[in-house]
Amino acid sequence: MADGKTFNPSDLAYTLNAFEYSKTSTTINATVTDNSDATVRYLNADKTKEYLNGVVDLVTGNNVVVIEVTAQDGSSQDYTITIPRNKNNNAKVSNVKVFNTIAPYDDTKEAYVIEVENSVSSLTPSDVVITPEDTNATVTKKTGTINLSTKNVNEFDFEVLPENQESADKKEYKILITRKQSTDNTLKKVSVTADSRTYECTAFNNYACTIEVPAETTNYTLSAETNNSEATISTIHGDGVGNYAMGGADDSEQTKTIFVVSETGIEQSYAITIKRGKSSNADLKNIKIILGDYNEFKRKESNRNNNTNMFRNNTH
């Protein structure tokens with residue numbers, strides 16, 4: 001008997017040494033005794049399936065084959081052979097998809113790599129689909145939801161445990177995800193703070209806007225907020241943000257240039273005009289009444305009286 005087992009007609013059950021996983025089938029050939037004219041059939045354990053010509057397709061685990069021997073008089077005897085087949089130790093991966101896009105394996109980085117658009121800001125385990133070579137292997141995702149950074153490479157880890165459940169055959173993998181940097185170099189709003197009050201501009205026309213401040217404004221603080229958190233306000237080009245002073249009537253309107261720099265380094269200039277409004281103040285500061293000289297007043301009064309007397313004399 002094959003596999004080092006010794007056959008004894010009185011022994012009705014045999015168990016072979018385990019076959020490797022790569023062994024997918026085997027052939028059993030039972031020989032009847034001379035001149036017996038007995039017939040042989042090869043059946044599965046519950047005799048619902050016959051293995052023609054003794055060819056048995058092996059599954060992992062135990063494969064039970066019943067050899068049914070029928071004598072010429074119709075009596076029969078069953079021999080049972082158990083053929084173990086080792087479970088798969090394959091922990092390899094067929095492919096990895098991130099956001100429905102296949103991530104290729106990079107041998108130099110020993111990882112699956114993929115680049116995503118800047119608009120993708122986070123990744124959840126459900127966004128990652130891992131297909132093992134062996135469908136009976138178990139995939140475990142070891143990383144939860146992560147916020148994707150544009151500054152660093154983001155790592156997602158998983159492991160594959162083969163069908164045989166042997167930890168020694170388990171393999172660990174990683175996915176390296178690069179998020180593209182933003183090209184957004186736009187402003188969300190510009191603010192001017194004067195006399196503890198803040199005035200904002202959120203609508204820009206051709207990268208320009210005008211902010212009106214009170215007529216009495218002499219100092220103000222200019223600040224700006226970008227739409228993308230990774231964009232910056234240039235401190236090299238333009239006027240930039242900060243504190244500014246306004247002079248007299250000839251300095252009632254100022255235009256400051258702000259340069260917004262995207263994460264990728266692209267600049268965009270904005271022209272911000274700060275304009276003092278018209279004054280609504282109709283109050284008098286003070287009133288002065290200037291009186292004439294009293295002696296001069298008396299002279300004028302005396303002349304008027306003399307002229308009156310002359311007029312009376314002439315009438316007589």
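This is a predicted model: local features need pLDDT of at least 70, side-chain atom pairs count only at pLDDT 80 or more; totals for chains, interfaces and linings use all residues.

Visitor: OK, which residues make a nonpolar surface patch here?

Guide: Leu-284, Ile-287 and Ile-289 do, and their patch covers about 410 Å². Ile-289 sits in the loop between strand 24 (267–276) and helix 1 (294–314).

Visitor: And is Ile-289 buried or exposed?

Guide: Ile-289 is exposed, because its relative accessibility is 72% and the cut-off for exposed is over 50%.

Visitor: Let's zoom out. How many helices and strands does the chain have?

Guide: You'll find 1 helix and 24 strands in the protein chain. There are 316 residues, and 31% of them are buried.

Visitor: What about the surface as a whole, how much of it belongs to carbon and sulfur?

Guide: Carbon and sulfur atoms account for 45% of an accessible surface of about 20,500 Å².

Visitor: What share of the contacts join residues at least 24 apart?

Guide: That share is 57%, counting contacts in the protein chain between residues at least 6 apart in sequence.

Visitor: Can you show me a residue with contacts like that? Which residues does Thr-273 touch?

Guide: Leaving aside residues up to four places away in sequence, Thr-273 touches Cys-209, Thr-210, Ile-211, Glu-253, Gln-254 and Thr-255. Thr-273 itself belongs to strand 24. With a relative accessible area of 13%, Thr-273 is buried, because buried means under 20%.

Visitor: Switching to salt bridges. How many are there in the whole structure?

Guide: A search of the whole structure turns up 13 salt bridges. Side chains of opposite charge can pair when their charged atoms come close.

Visitor: Give me one to look at. Which residue does Lys-142 meet in a salt bridge?

Guide: Lys-142 meets Glu-159, at 3.9 Å from N to O. Lys-142 is in the loop between strand 13 (138–141) and strand 14 (146–147), and Glu-159 is in strand 15 (residues 154–161), so the pair ties together parts 17 residues apart in sequence.

Visitor: Are those two buried or exposed?

Guide: Lys-142 is partly exposed at 47% relative accessibility, whereas Glu-159 is buried at 14%.

Visitor: What else does Glu-159 have a salt bridge with?

Guide: Glu-159 also meets Lys-170 in a salt bridge, at 3.8 Å from N to O. Lys-170 lies in the loop between strand 15 and strand 16 (171–179), 11 residues from Glu-159. Lys-170 is partly exposed, with a relative accessible area of 33%.

Visitor: And which residue pairs with Lys-189?

Guide: Glu-200 does, with the closest N and O atoms 3.2 Å apart. Lys-189 is in strand 17 (residues 187–194) and Glu-200 is in strand 18 (residues 197–201), 11 residues apart. Lys-189 is partly exposed at 24% relative accessibility, and Glu-200 is partly exposed at 47%.

Visitor: How many bridges join strand 17 to strand 20?

Guide: There are 6, and strand 20 covers residues 219–226. In that pairing, Val-190 stands opposite Ala-224 in strand 20.

Visitor: One more strand, then. Which residues are on the covered face of strand 12?

Guide: Val-128, Ile-130 and Pro-132 are on the covered face, while Val-129 and Thr-131 are on the uncovered one. In a regular strand the side chains alternate between the two faces of the sheet.

Visitor: What joins strand 12 to strand 7?

Guide: Strand 7 (residues 93–98) is joined to strand 12 by 5 bridges, and the two run antiparallel.

Key:
Residues are numbered from 1 along each chain as its sequence is written. Side-chain values use heavy atoms; hydrogens and water are left out. A salt bridge is a side-chain nitrogen of Lys or Arg within 4 Å of a carboxyl oxygen of Asp or Glu. Helices (H or I, at least four residues) and strands (E, at least two) are DSSP runs, numbered from the N terminus. Buried means under 20% relative accessible area, exposed over 50%, partly exposed in between (1.4 Å probe, protein chains only). Contact means heavy atoms within 4.5 Å. Accessible areas come from the Shrake-Rupley method with a 1.4 Å probe; for residues, only the protein chains shown count as cover. Patches are made of residues with over 30% relative accessible area and no salt bridge: like charges are joined within 9 Å, nonpolar side chains (Val, Leu, Ile, Met, Phe, Trp, Tyr) within 5 Å. Two strands pair if DSSP finds at least two bridges between them.
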